[in-house]
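Hi,

Here's the structure I promised to pass on. Have a look, and my notes follow below.

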Amino acid sequence: MEQKLRQRIIQLYQQFKKEDAQKENRLEKWRNLEPESAELISIMIKTQQSKNVLELGTSNGFSTLWFADALHPSNGKLVSIEIEESRTQQAKEHLTDFQLSENVALITADIGQFLTEAQPIYDLIFLDAERKNYVAYWPYLQNLLTKKGSLLIVDNVISHHNDVEAFISMIQGSGDFTTSIVNVGAGILLVTGE
Ligand SMILES: C[S@@+](CC[C@H](N)C(=O)[O-])C[C@H]1O[C@@H](n2cnc3c(N)ncnc32)[C@H](O)[C@@H]1O
């Protein structure tokens, strides 16, 4: 990422962190991805030369900004799903502000519903939503991972390990996937069928 853009994006992250600190209700917080994790996933997108990326949980578009920028060299496309219309709007404003909206489709929808119709076209899928739903998402995510070379990334697997324990056990128990937990930010899980 270009240095000036990085500085602006980090300033935005600090602003969102301050806003989150003033909110009591967890669900009202932005809960943005840590910049270290966003940086690592951006490297993966660039080196994978991803053509299609799916983000499940947009919030106000902080991680979306990183991924949209990383997809620029490959002219790749990003689809990002968020259930709250007001958050989709906020994300749209941020993308426009950073001139990164061109290759991004922001969709206001329920992830569970979206996944029932999703096709295995994505090179990289980033899951960052309500963790209690992940087990129910797995059959659909598993289907998306049938695309050769595709990678699923799940945030908060160290910070909220108990919430995702059953989900991770389910993936590892199937024996068909390779997993790795990376200690960056809140901890990210990598899952691939390769
Ligand atoms: C942790 S935040 C995402 C943060 C974002 N990826 C970032 O780093 O900036 C989770 C988001 O998922 C959304 N969400 C939760 N459940 C959802 C669902 N069933 N369908 C779509 N979005 C959902 C929430 O409204 C919230 O904005």
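The chain has seven helices and seven strands (DSSP runs, numbered from the N terminus: H or I of at least four residues for helices, E of at least two for strands). In sequence order they run α-α-β-α-β-α-β-α-β-α-β-α-β-β. Bear in mind that this is a predicted model: local features need pLDDT of at least 70, side-chain atom pairs count only at pLDDT 80 or more, and totals for chains, interfaces and linings use all residues. Residues are numbered from 1 along each chain as its sequence is written.

On overall shape, the radius of gyration is 16 Å, which agrees with the value near 16 Å for a compact globule of 194 residues (taken over C-alpha atoms; the rule is 2.2 Å times the number of residues to the power 0.38). Along the principal axes, the C-alpha atoms fill a box of roughly 45 × 40 × 30 Å.

Now the ligand. It is surrounded by 18 residues, the closest being Leu33, Gly57, Phe62, Ser63 and Ile83 (a residue is near if its C-beta atom, placed from the backbone, lies within 6 Å). Helix H3 (62-71), strand E2 (77-82) and helix H5 (111-117) each give two or more residues to that shell. By type, the shell has six nonpolar, five polar and seven charged residues (nonpolar: Ala, Val, Leu, Ile, Met, Phe, Trp, Tyr, Cys and Pro; charged: Asp, Glu, Lys and Arg; polar: the others, Gly among them).

Cheers
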